[in-house]
Amino acid sequence: MNTVARVENVCATRCARLVAGVLVVMIAWLAGCGAPTKTDAPPAPKAGGTAQPASGKKPKLLDLGAGKCIPCKLMAPILEELKKDYRDTLEVEFVDVWVTPDAAKPYGIDTIPTQIFFGPDGKELFRHVGFFSKEDILAKWKELGFKVEPVGGAAAAPAFERLEPAKADDRPKDTVCYMCDGDIIAKTLVVVKTEKGEVRLCSPHCYFIMYSCLMEDKAGFEKKVSVTDYATGKLIPTTDAAYLLGLTAKTGRPWIRAFADTAAAEKERETAGGNVLTLAALQGKELANRCGFCDRACYPEDSAKVTCDGMQTLGCCSHCALGVAVRTGKDIEVHQPDGLTGEMIVVKTLNGSVASLEPPTAVAWFGQRQNKEGKWVSAGCFHQGFFVNAENLKKWVAQHPNDTGRQISIAQALADKMKLTPQQVQKACKIGECAPK
Ligand SMILES: [Zn+2]
Ligand SMILES: [Zn+2]
């Protein structure tokens, strides 16, 4: 008999008692049984039973688990979804080996959860031990040559996409923020002189975002930067300015106004509130909160909250939040508000797959643009989002006529991130690496 696998996503390490129970059961049957039925199925790691073939002509997924083991619990909503949404093309059965050890007997398992894939003829085709994501299960069926699709066929759940902007962006280029693509606000414009020309930003915050994702040596960079004096509308060197930093009453999100000198900033403070800061102090505050994936400066009020190993970090966008899983190599929990309504979406990962999604209808918008070579690439962090359902996503897209991209599943968004190499992670979201301008 195989020893209990010591991998994290199986019950072995976390539910030792339960597995011990399974082992006892197994020893009992091995003592009393003859040689297990041999199958000529391809990759069946153990001699599997064929006592429970799929009924009818559908292939069947059998999950052997228990109600109280953690990876089994994570499997439960996935099995429910498959059972409901794929009922026309797939049979799904769950056997609780703790409650009904006899029903589990024929399959010769020693670790839970174990998923066994049966062909329509009842032949075992494949088995997997440990947590298995919905994406991975569907991919495996495809690989095995089965058309497992949602009820009504693939056409019943069309993936939404918009590859042509609903409305051409006819704003003059010098009125569009280089970082966020928002409208330039005359009173808070920031101008950065670069070798390739002038970069215009809507606000000091967008400047610090840009600063945080520069790859070059940043020593003395501030000498290239001018900010707008909020009082007069004139550009002044950023190093000479005094800054007024306040908080928006409802959201707590910071706002920044630049002034030619401290006296002017203090005068504004009398009516607007806030604190007067030097550039160095402002920069310290602006760079204090960083995206746990791409390192760019962000405000917690704009960001996803990510828990990793009991520590809190941020995702500057929904996709970056998932990227914390690949950057840290750990399981994470993401809290990201719906891009339209602010309703919370919670994603938990396990070994680089989505372990649970709340609400289960939640989807991702992958904002993309075509680069000069015609390849579809990420449109950048400001153009990504999660939505509690596809309807909200479509409403949001309708409100953003310039945006192009695709609806993808959150599992797919995570899978895409997990494919990144450490080198790609290091360059992620840096200027020129992501958003085509
Ligand atoms: Zn901006
Ligand atoms: Zn980021």
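Asn392, Leu393 and Val397 are buried in helix H9 (residues 390-399), where buried means that 20 or more other C-beta atoms, placed from the backbone, lie within 10 Å of a residue's own, exposed that 12 or fewer do, and partly exposed a count in between. They cover an arc of only 140° around the axis, which puts them on the same side of H9; the arc is that of the directions from the helix axis to the C-beta atoms. This is a predicted model, in which local features need pLDDT of at least 70 and side-chain atom pairs count only at pLDDT 80 or more, while totals for chains, interfaces and linings use all residues. Residues are numbered from 1 along each chain as its sequence is written, and chains are lettered from A and ligands numbered from 1 in the order in which they are written.

- An α-helix has 3.6 residues a turn, so residues three or four places apart point the same way.

**Confidence**

- Average pLDDT for the chain is 86, and 85% of the residues score at least 70; pLDDT is the predictor's confidence in each residue, from 0 to 100.
- Residues 1-8 stay under 50 in pLDDT, and the model has 17 contacts for them beyond four places in sequence; two residues are in contact if their C-beta atoms, placed from the backbone, lie within 7 Å.
- The pLDDT is also below 50 over residues 12-51, a stretch with 64 contacts in the model beyond near neighbours in sequence.
- Where pLDDT is low, the predicted coordinates should not be read in detail.

**Overall make-up**

- The chain has eleven helices and 21 strands; helices (H or I, at least four residues) and strands (E, at least two) are DSSP runs, numbered from the N terminus.
- Of the 437 residues in the chain, 39% are buried.
- Contacts between residues at least 24 apart make up 64% of those in the chain between residues at least 6 apart in sequence.

**Four-stranded sheet**

- An open sheet with mixed pairing consists of four strands in the order S2-S1-S3-S4; two strands pair if DSSP finds at least two bridges between them.
- Strand S2 (91-96) and strand S4 (124-129) are at the edges with a single partner strand each, so one side of each is left without a neighbour in the sheet.
- On average, neighbouring strands of this sheet are turned by 15° against each other, direction ignored; axes are lines fitted to C-alpha atoms, for helices over the stretch in contact, and angles run from 0 to 180 degrees between N-to-C directions.
- Strand S1 (residues 60-65) runs parallel to S2 and is joined to S2 by six bridges, with Leu61 opposite Val92 in S2.
- Helix H2 (residues 70-85) packs on this sheet and touches S1 and S2, its direction making about 155° with that of S1.

**Three-stranded sheet**

- Three strands form an open sheet with antiparallel pairing, in the order S11-S10-S12.
- The edges are strand S11 (254-259) and strand S12 (275-277), each with a single partner strand, so one side of each is left without a neighbour in the sheet.
- Neighbouring strands here are turned by 30° against each other on average, direction ignored.
- Strand S10 (residues 242-247) and S12 run antiparallel and are joined by three bridges; Leu245 stands opposite Asn275 in S12.
- Helix H6 (residues 262-272) lies across S10, S11 and S12, at about 20° to S10.

**Backbone details**

- The Ile112 to Pro113 peptide bond is cis, with omega near -5°, and Pro113 lies in the loop between helix H3 (101-104) and strand S3 (114-118).
- The bond from Glu358 to Pro359 is cis, with omega near -5°; Pro359 is in the loop between strand S17 (353-358) and S18.
- Asp295, a residue other than glycine, has a positive phi, near 75°, and is found in the loop between helix H7 (279-286) and strand S13 (304-308).
- Asp295 counts as partly exposed because 18 C-beta neighbours lie inside 10 Å.
- Cys429 also has a positive phi, near 65°, and is placed in the segment after helix H11 (422-427).
- Cys429 is buried, with 24 other C-beta atoms within 10 Å.
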